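Thank you all for coming; I would like to take a few minutes to walk through one model, going from a single aromatic residue out to the fold and back again. Please have the sequence and the coordinates open while I talk.

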Amino acid sequence: MTSFALRESLLYCRENSSKVYLCYLDGKQAFDHVWHPGLLHKLIQIGVDDTTLLTLRAMYKGSLSQVRYQGQLSETFTVQQGTKQGGKRSPLMYLVYINGLIKELVASGYGMCIYDQNICSLTVADDMVLVSLSKSSMDAMLNMCWEYSRKWRYFYNADKCKIVVFNEKRKPKDSRFYIGQTLSRRAMNIVISVLHVTRT
């Protein structure tokens, strides 16, 4: 459904002769940086029942791990953040963790809407694509993502985040996009594309 929504958004913009900005966000080791107290707080906020909450809390509290390197095992250490590697619930737990960001982006009105459908932040597990019709709106959404990540203790990898502008034949004059504060922000790469997607 996410791929379908993105494809239809691009086709809608082409049919209406409108540029569209996409930002592919890369969360740095996203599942590994989930803050346990923050996750439990969000589970309480969405009304998870007490039994499930206690079970999940027990799963993450006092969890131990070791590192194997060249046949040698490290000393045991306490895992204080992150979702369970390979766990069936891990993608869902991550979506619960960032659901507040998605709600903020939708409520902001900066992203793209088609009729009554808001498609500003298409998301699958730890992959998110921001969709906007203008650079200023994209800048505002990137700033919201940065502020949310600072509050909830995770990171974006600016070197791997990409901006794609569809329906634009030449690079815009102001093609600088940033994620982060003034002193630490890094410019993201921009790719210009003429849309070749067709309806079938």
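Is W35 buried, partly exposed or exposed? W35 is partly exposed, at a relative accessible area of 23%, where buried means under 20% relative accessible area, exposed means over 50%, and partly exposed lies in between, computed with a 1.4 Å probe on protein chains only.

Before going further, a word on the basis of these values. This is a predicted model, in which local features need pLDDT of at least 70 and side-chain atom pairs count only at pLDDT 80 or more, while totals for chains, interfaces and linings use all residues. Residues are numbered from 1 along each chain as its sequence is written, and side-chain values use heavy atoms, with hydrogens and water left out.

Now the overall picture. If we take contacts (heavy atoms within 4.5 Å) between residues at least 6 apart in sequence, 69% of them join residues at least 24 apart.

Let me return to the aromatic residues. A search of the whole structure finds eight aromatic pairs, a pair being rings of Phe, Tyr or Trp (its six-membered ring) with centres within 6.5 Å, called stacked when the planes are under 30 degrees apart, edge-to-face when over 60, and tilted for the rest. One of these joins W35 and W152, a tilted pair at 6.2 Å centre to centre with 50° between the planes. That pair links distant parts of the chain, 117 residues apart, with W35 in the loop between β1 (20-26) and α2 (36-45) and W152 in the loop between α5 (135-151) and β10 (162-166). W152 is buried, at a relative accessible area of 10%. Y148 and W152 also form a tilted pair, at 6.2 Å centre to centre and 40° between the planes, and Y148 counts as buried at 4% relative accessibility. Ring pairs link W35, Y97, Y148, W152, Y154 and Y156 into a cluster.

There are charges to consider as well, where a charge sits over a ring if NZ of Lys or CZ of Arg is within 6 Å of the ring centre and within 35 degrees of the ring normal. R153 lies over the face of W35, 3.9 Å from the ring centre, and the charged end of K135 sits over the ring of F177, 4.6 Å from its centre.

Turning to the strands, β10 is largely enclosed by the rest of the structure, because four of its five residues are buried. β1 and β10 pair in the antiparallel sense over five bridges, at least two DSSP bridges being needed for a pair, and Y21 stands opposite V165 in β10.

Finally, two residues in helices. S9, in helix α1 (residues 2-15), is buried at 1% relative accessible area, and beyond its neighbours within four places in sequence S9 is in contact with M112, I114 and I119. M93, in helix α4 (residues 90-108), counts as buried at 4%, and M93 touches L39, L43, L56, Y60 and T83, not counting residues up to four places away in sequence.
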